[in-house]
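Work through the exercises below with the sequence and the model side by side. Try each task before reading its solution.

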Amino acid sequence: MMESWTALGNGIAKRMPYLVLVCLATGVLLPDVFSPFKGIVPVLFAFMTFQGALSNTFHQIIEVFRRPVQLLGITSVAMPVAASALAHLFFAHNTQIVCGIIIEYCRPVAVVSIMWVGMFAGNGALGLAAVLVSTVISPFTIPLTLQLLLGASVQIDIAGMMTQMIFYQS
């Protein structure tokens, strides 16, 4: 029985890039079909995070936090700066697109990244820590990033945002 589940998991993993594109297209093109399932999305993300955490040891997590540049240097600094440079290069004429691209790359690391880390035998502890830490600090890093890269001042209800994160509300 276990071999069957493993074979199914391996088959899905091999086709994951295509499945993601199909699911994304289906969700964009047929939003009304899938909107009734909106309520279970937080539960699925919580389960994915929990499942990803099961394979990590406390020692692995501590090791990740000993290298903060590896943990957040790429996701909180390098990616937004690179996104800003490319957005300004290709979309300098449209500030809304530039702003949107920068926001996309300064937001917290997606929970689904834990799935990708697991499928490609990456550092699970690093992936989990990046998701958790980037989510917790996002009320501070998003306004700071927008101020530094766009010169825009953004007001965020930090207490409200933290409450929503704690209770996983949308």
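Contact means heavy atoms within 4.5 Å. Helices are DSSP runs of H or I, at least four residues long, numbered from the N terminus. This is a predicted model, in which local features need pLDDT of at least 70, side-chain atom pairs count only at pLDDT 80 or more, and totals for chains, interfaces and linings use all residues. Residues are numbered from 1 along each chain as its sequence is written, and side-chain values use heavy atoms, with hydrogens and water left out.

**Exercise 1.** Which residues of α4 and α8 meet, and at what angle do the two helices pack?

Solution. Start with the residues. From α4 come Q60, I61, V64 and F65; from α8 come A125, L126, L128, A129 and V133. Sort them by class: eight are nonpolar, one is polar and none is charged. (Ala, Val, Leu, Ile, Met, Phe, Trp, Tyr, Cys and Pro count as nonpolar, Asp, Glu, Lys and Arg as charged, and the others, Gly among them, as polar.) Now the geometry. Two packed helices are described by the angle between their axes and the distance between the axes. Axes are lines fitted to C-alpha atoms, for helices over the stretch in contact, and angles run from 0 to 180 degrees between N-to-C directions. For α4 and α8 the angle is about 65 degrees, with the axes 9 Å apart.

**Exercise 2.** Why are α6 and α8 classed as oblique?

Solution. Take the axes of α6 (residues 95-106) and α8: they come within 10 Å and cross at roughly 140 degrees. Angles under 35 degrees count as roughly parallel, over 145 as roughly antiparallel, 65 to 115 as roughly perpendicular and the rest as oblique. The pair is therefore oblique. Then list the partners. V98, C99, I102, I103 and C106 in α6 meet T141, I142, T145, L146, L149 and L150 in α8. This contact has nine nonpolar, two polar and no charged residues.
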